[in-house]
Amino acid sequence: MTVYNDPIENRPPPKRRRAYQIFTPGIPFYRDVRVLRLVAQIVFAVLFIGTLAVTWISLTTNLEQSQIALDFGVYKRSFAAGLPEGIPFDTEWDWAGNLDLANSTIFPVWIVLWLGIAYYAYTRLRQRNRQLAIIAAAVIVLLIPLHPTIISELDKAVSPYLFPKSNTRAIISGIVNTLRVVVLSVFASTLLGVLIGIGLLSTNYLVRTVSHVYVEIFRNTPLLVQLVLIYQGALLILPIVANSMTSPDKIGPLRFYEKFYVVNVRAFSFPKLNPTDTAAWFYGGLIVGLIVGYLVRRWRIRVQELTGTPSRTWLFVIPLFIVCMITGWLIAGGWPLSSGPFNVEYPQFGRFNIEGGTQISTPFMSLFSALTLYTTAFIADIVRAGIQSVPKGQVEAARSLGLSGPQVLGMVVLPQALRLIIPPLGNQYVNIGKNSSLGLAVGYADTYQAVQLVNNESGQSVPLFVGMMIIYLALSLLFSLLTNLLNTTTRLRTR
Amino acid sequence: MTDEQKFFVHYTAPKEPPPSRHPPIRDSGIIGWARVNLFSSLVDTISTLTMLAILGFAGYLFLDWAIFKAQWEVVFLNLRPLGSGPEFPPEEVPRIELSIYILFFLAMLSVGFWGRVRGFVFAILALIAVVTIVVPIVADAVEEPTIHYYIDANYNIRQVNFVADEGEVLTFTLDPVTDKSDFDNDKLQGYYGNEKLPNPAMDAFAAAIGEVNRGAIDPANYDLNLAIQIWDRRGQVIAQSDFSQGTSESTVLEWESPAEDWYTVTVVRDPNAPGENGIAWFKIDDLEVFYSTRTETRKRLDRFGDPPRLNCEGCAISTNRTDLRFNGERTLAQWFSLQLAPYLTEIRMFLFISLAVGLVGYGFGQAGKVQLDRKLMSRIVVGLWLLSVPVQIFVIRGVGGEDFLPRLSTTDLGGIYLTILLSIAGILASFPIGILLALGRQSDLPVVSLLCTLFIEVVRGVPLITLLFMGRLILPFVADALQNADLVIRLSIVLTLFTAAYLAEVIRGGLQIVPKGQTEAARALGLSEVYITTLIVLPQALRAVIPAIMGQFVSLLKDTSLVALVGLFEVTGAMRRLLSDTQTGYTLFQREGYIYIGIVYFILCYVLAEVSRRLEETGAGAARR
Amino acid sequence: MRRILIVMTLLLLVMASASITSARQAEPGPKLTEIVERGILNCGVGGALPGFSSVNPDTNRMEGIDADFCRVVAAAIFGPDDVDSKVNFVPLTANERFNALQAGQVDLLIRNTTWTLTRDASLNSNFGPTTFYDSQGLMVKQELIDSGVQSLADLEGASFCSQSGTTTEKNMVDAYTQLFGVAPALVLAETSDATLRDFENGACDVLTSDKSQLAGLRSASTNPSNLVILNDTLSKEPLGPMYLDDDTQFGDIVDWAVYATFTAEELGITSQNIDEFAGTEDIVIARFLGQDESGLGALLGLSNTFAADIIRAVGNYAEIYERNVAPVGIPRDSSNGINQLYTNGGLIYAPAWR
């Protein structure tokens, strides 16, 4: 063995002894980390994809031999059964015509909107790469005259799937039902969850204990059991149509000729507002009110920052909003009170059923209640953990500054707690999306039930289940993106 | 002043004592505690009062229903199918019980060795044991409810089969109702029946109330000609009261049973002069209302043989079951004797043996902790767990043949046992896959990381019910071996993969907690990557996320309820099947059934969650420094 | 790291090889061999419909016309002894029944399934002989009759309960749309007893199903005298066994097992008097009971006395009907006697037994 006393730069390079050391001097190639990494990845990919491919081939072969060859055209077939509720799918749906805005009155607004998007894209991207920004903006602007072509091409591609009473239309109806229950449940459970989470930290022993008991009960029982219990209980307790609970006809000297709520075992009905032609003015009034409110809020906050007088935002914003709303109502012909932007449709007792009004069916109510109650328990615990993570010193400092209890909560604790709350909260929203598939157990026509009904007739499990998985994945992805968005707005901005 | 004057300070004693000061507000004792915790401020007081009002109202409604109106028979008459599945042969149930005892013993052994159980848990267990013994004894002393049947010219009574001891005296009464004031809606109170759960007798009586109040029927025109008849098991009339001959007096038959046997009582009309108008109550006092629980049925059948099945004109054929559904008023004491006591009697034996087994296991654990070397004891406990797996498989699977341990397949299993089995098998089998996925996901080989992430995200983004249905319908087409695999195995595979994806996320969190310095130090020591992962990183990561893994186990326990929708009869599915059986009439008692299932799940999950919390407290969750 | 790779590779290789070696053979193997080897016939039934397939709570035995025809096929294959232990009844909901048949979970599906073109053609299955000619009907509560409802034409705006995934639902939608132009308000449930529960609790006004099911549900309801089955007939519902069409021999076995019960009724042979026909001189009866040399059973792969085994174990069609369907409230001569033997004007007709 040669011993080198020179510093390393002066030493001769190591001699190559074997052929395989041509690329990796000093070590054989089968021990070089870079080679091993590459080989490992190739082998892994081959095996993974190979297993998937073999599984797929085996599946299709067996299915063919059972003579139910995979047929993705099942989405084009006709749906013979019915769905208990949801948007109707037996009418023509001319979505392309509705989108054809070249002749509509809001076409200029549409153009302005797209130009705005182009400008926004340009400003966001130009920090990274100026050329890329210009190209992106140009592409978006160029798309505007291409709209009709794009829409008609899309229409041609999609119309074989969207004829009345097609399977795809039925499944879309199911998806809308799922979205309805999921969105409502997200709002309700967040609200309730925050309340109960704060209750968990209350100084009042009773409130704290009751909240704790609630969380423990609803977290430790399966959602399916809760759902079926609520549905069966509702079925047994709610009165039949003939004995529905309705709003009273007389309260003291006042007489009412219409029903404002009707509760029975089939649905919970209440009046529906149908917009008339002049409703646009009312909506305009609402939008103006929102914009004015936003601006006034900014002004008042600036006033508070500059001069220190309490902003009392809501004292300004709420009356202004109401004024704008009333103005919109009046312009829309709202005086006398009976005419105006909305026609009220009251629920009526038909021969067998309640007709008219908005009807929320019992399966929907059960699914919604069960999802909300179940998820609230988890959200309450998340909120509690988040609030408890805020250091006590913050609360003490805020108190010593003279902020009252609600102010401390709203201005100091919650904004910091939100950082810790939002990621698990997003997770719970994804769970709501997935748990909504239990509507099957109560007869609610959600995505899963619709796909099952199509599956019964056609026997094509694989294309349908793949489609259903894609739908639910998209839903989960949507919620994850939303959570990421919320996350970025509340994250700590580190330098 | 003079010295003298300086010396004597002028002091006038006050004429009255000074106003006394109020003592400070008590903040100790019950009142003090209430002051601080419940009534400390106005908002506090309002919320306390509101909460009390809500709780009181809801509690009253629930308790009123649960004690006086609910029929819990669906629970305690069916403990066997709920525990071991509706398809499981009843004579093999001791094997399931043995399996559970082994599991419980090992669990308590581990708890005794690695943990500690606080004193009050023992107190609670002792209390439960005492209650289980005392209540059935006391319940025997509660007097039986009076059974009512409603008779009119149209409504024919079913025959009632009953068992009487020798010399037992029973009183049968036919009470004509002739007073108009007795036709009051208040008389319907307490009878379990409304528009949804029709009780035909009560409906008829309600209709009669309507008729009487309208004046269409005058109950004073009672002219029914009825008599009470008692038959022996062959249908021979052995006792009969006089015919009422249209009088409005009660017909009473006091009868002493000649021998211990089955008897049948019914009400007959005189075929010659049946009578047209009238409404009467047929009451039976002191008749023991029995339930077809396993123990009682066996005792009764052993003593008396099968009940008579007699045909009579115009009577419905009676079975043991319909006469047991007592649709009448129930007092609180009778709730204890008729609903709680049978339930406790059924579970008593199982409860005692489990408690005994658990205590023995706990004792061994504690003894081993003290006496034996920790490492040796640790090895013994782990060894026993590993040994229990083949033992359990042997006990449940059995060997062939009809005599000793007949062969059982997994499709026979059901009930709570299947729930526990699926959860344990799922979490154990998913451990290696989950660890591999977690390691793969955060590996620095981009292909591996991408593919693992893809798998995890796809499995986590899809509802479990979808995967279960695919497991049932599509998996058999994928591989021939799977085609003949029974449903339990296929669904276990799906549950395992599902849990593995979630576990991978949990373990990934743990891997991120392990400080980078550990890996660097290990590399500096020259350990290879494999050794670093298995000896340094994984132990710390897993220890850090044990609570989260327990949480996943609880979640899996709850998710197994979904297999009920796919055709397996674990406890939710078993209850669903029971409640859908139109022959036994359990369909009316959905609420009771599902509330009980909810309580079962709650107990299981709460205990596990508590264990997980204790583990967290003892520092299992923190990264050891 | 390396070792992890090796372990993962091995795992994946195992998974891959399991799937490679498992594509099914080119010819479908004889189903009869598989069943005989298994020793038990997997029969898909409803499980909760009195008269067709429901569990008797006192004896824990599956009873009903569907269950009995499962036993008929099992008796043909395994012989008359202890037929109950040779059948595995698999309860299936309407949603999952076809998938279970296709997945091989059951060999035979006798679950009051209607014989339709779509099902015959698109579900790679065939139907056996119709064992019960039914029609779809409507059931309402007495209060509706009192308020003047007589037929479907009076039920505009009503809510209809039915099982999801059945022809019932589709026929209901078609019939209602035909009359009133809009789709009906539907309430769907998974099982027939759930539909009954919905109906009794008032979630719907009308319960629609096959008339036989309606009779069964009515007898199982809490107040049967309050429920009335209307006279409307919405569609034809021929109910019979269903099996995959990949094995014609098994199909023939099922067909001729059912025909054996029809023929037995035609010849006057019952489970009670079958022993009197031992050594009979009647050529037709001897051939039927396998007492001559014609070896008809062997052509199907069964024993030559398979018809006698069936009658001995289960009985002829009349016995099966009277035992199961008549007690539920559908006497043999209802619906113009459509379920009578052809000699009595009905449609029960077996092809020639030779």
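This is a predicted model: local features need pLDDT of at least 70, side-chain atom pairs count only at pLDDT 80 or more; totals for chains, interfaces and linings use all residues.
Residues are numbered from 1 along each chain as its sequence is written, with chains lettered from A and ligands numbered from 1 in the order in which they are written.

**View 1. Chain A and its overall dimensions.** The secondary structure of chain A comes to 14 helices and 10 strands, where helices (H or I, at least four residues) and strands (E, at least two) are DSSP runs numbered from the N terminus. The C-alpha trace of chain A spans about 115 × 75 × 60 Å along its principal axes.

**View 2. The contact between chain A and chain B.** This contact takes 46 residues from chain A and 44 residues from chain B, two residues being in contact if their C-beta atoms, placed from the backbone, lie within 7 Å. On the side of chain A that touches chain B, the elements that give two or more residues are H1, helix H6 (205-219), H7 and helix H14 (461-490) of chain A, and H1(A) gives the most, with 11 residues.

**View 3. The contact between chain A and chain C.** Here 40 residues come from chain A and 39 residues from chain C. Helix H1 (33-65), helix H7 (223-237) and helix H13 (447-458) of chain A are the elements that give two or more residues to the side of chain A that touches chain C, and H1(A) gives the most to that side, with 12 residues.

**View 4. Two residues of chain C with positive phi.** Most residues other than glycine have a negative phi. C:Asp82, which is not a glycine, has a positive phi of about 55° and is found in the loop between helix H3 (65-78) and strand S5 (87-91) of chain C. C:Asp82 counts as exposed because it has 9 C-beta neighbours inside 10 Å, the cut-offs being 20 or more other C-beta atoms within 10 Å for buried, 12 or fewer for exposed, and partly exposed in between, with C-beta atoms placed from the backbone. C:Asn112, in strand S6 (residues 108-114) of chain C, has a positive phi near 30°, and this residue counts as buried because it has 27 C-beta neighbours inside 10 Å.
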